[in-house]
Amino acid sequence: MKLRVAIIEGGRSGEHEVSLRSAAAVAAACDPGRYEVQRYRIGLDGRWSPRPILPEPGANPEIDVVFPVLHGTFGEDGTMQGLLELADLPYVGAGVLASAVAMDKDMMKRVCRDAGLPVVEWELATRAALDASRAVARFGFPLFVKPANLGSSVGISKARTPEELDAALRLAAQYDRKVIVERAIAGREFECSVLGNEHPEASVPSEILPSREFYDYDDKYLLNAARTLVPAPLDPAAAEELRRLAIAAYRAVECEGMARVDFFLEARTARFYLNEVNTIPGFTAISMYPKMWEHSGLLLPQLVDRLIELALDRHSEARKSRYAR
Ligand SMILES: Nc1ncnc2c1ncn2[C@@H]1O[C@H](COP(=O)(O)OP(=O)(O)O)[C@@H](O)[C@H]1O
Ligand SMILES: [Mg+2]
């Protein structure tokens, strides 16, 4: 009997279109001999077609496992994962807690800092107190200003002057109540794919060479001019250090299934800094998560097999827990 895989795609986020492309790639990689794929599409208005997944256990008998291929808000942030927990369905990727923590850059940094990981120094501003004077005093200019919960570089600016900082804070505050103000790291940018539940493994790392001042939305999705190097041109010890840090961040956030962990290598100090953890990375033809695995010897169809297996394992592990005495 074939395993019935429900791919959820689209969603109410700025990354709706990217999600559709990622989902198409995942669907195409599902071996038709093993899986029967059904697509569940969520519109920008939050409506599902052809039908929604229902929050009651047993209410979705046509589904064996869910692969949410949703990026950003209402997909990658723990909300969808909460629905799938209520529905008692196995699903690919991080659970509710790790999804929510990884999505919130402030929370992710606090958790990773507590685990002794080198996170980029930051100060928090809020809509109610949209003030970055502490960040200016601590780090000087330039500064990076970001909404705490978003992705695809939306709402992110590099501020070089007090005037730019003002505009950057106001822009970021349009997207989130919480705003991160970070020290700018001058150096190189790297990514690493991690896969697993209890025993996560890291891929070969890659290097991102943005075509613009930083890796912004246009560079990610429109210009097609950013270059990526897989494997990253790092000496073996540095590559090993990056992989070790990627797994440590994955564990600190308590990720399961998969995540892409992103870093900077500061030119002046030759130190790696953790930038962010993406619990549902892109799966498009040009996406780094599958590309890094491909270079590590795991092709996309095998990667999908492995992710589904991890989802089923996690679900049966969770079943061992009691909920009442
Ligand atoms: N502190 C920083 N120093 C230097 N560059 C940064 C910094 N923060 C972000 N960037 C640049 O901005 C891009 C997007 O920021 P990131 O935090 O990864 O947001 P997103 O979650 O939207 O991808 C990064 O890929 C990098 O090019
Ligand atoms: Mg990023």
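Let's start with helix 1 and its buried residues: V18, S19, S22, A23 and V26. They cover an arc of only 130 degrees around the axis, so they sit on the same side of helix 1. An α-helix has 3.6 residues a turn, so residues three or four places apart point the same way.

Keep in mind that this is a predicted model.

What do the buried residues of helix 1 pack against? Three strands are on the list: strand 1 (3-10), strand 2 (35-42) and strand 4 (65-68). Two helices join them: helix 7 (217-222) and helix 10 (300-318).

Now the length of helix 1. It runs over residues 16-29, 14 residues in total. At 1.5 Å a residue, the helix should span 20 Å. Its end C-alpha atoms are 20 Å apart, so the two agree.

Next, the core. The largest nonpolar core has 89 residues. A102, V145, V194, A246, A249 and V253 have the most contacts inside it. Which helix gives the most to this core? Helix 8, residues 236-253, with eight residues. In general, nonpolar side chains in soluble globular proteins tend to be buried together.

Take V145 from that list. Leaving out residues up to four places away in sequence, V145 touches I156, S157, A159, L165, A168, L169, A172, V179 and V181.

Last stop, G297. Look in the loop between helix 9 (288-295) and helix 10. Is G297 buried or exposed? Exposed, because G297 has 9 C-beta neighbours inside 10 Å, and the cut-off for exposed is 12 or fewer. A311 lies 14 residues from G297 along the chain, and their C-alpha atoms are separated by 21 Å.

Conventions:
Residues numbered from 1 in each chain as written. Chains lettered and ligands numbered in written order. Predicted model: local features only at pLDDT ≥ 70, side-chain atom pairs only at ≥ 80, totals over all residues. Helix = DSSP H or I, 4+ residues; strand = E, 2+ residues; numbered from the N terminus. Expected span 1.5 Å × (residues − 1). Buried ≥ 20, exposed ≤ 12 C-beta atoms within 10 Å, placed from the backbone. Arc of directions from axis to C-beta. Contact = placed C-beta atoms within 7 Å. Core = buried A, V, L, I, M, F, W, Y, C linked by C-beta atoms within 7 Å.
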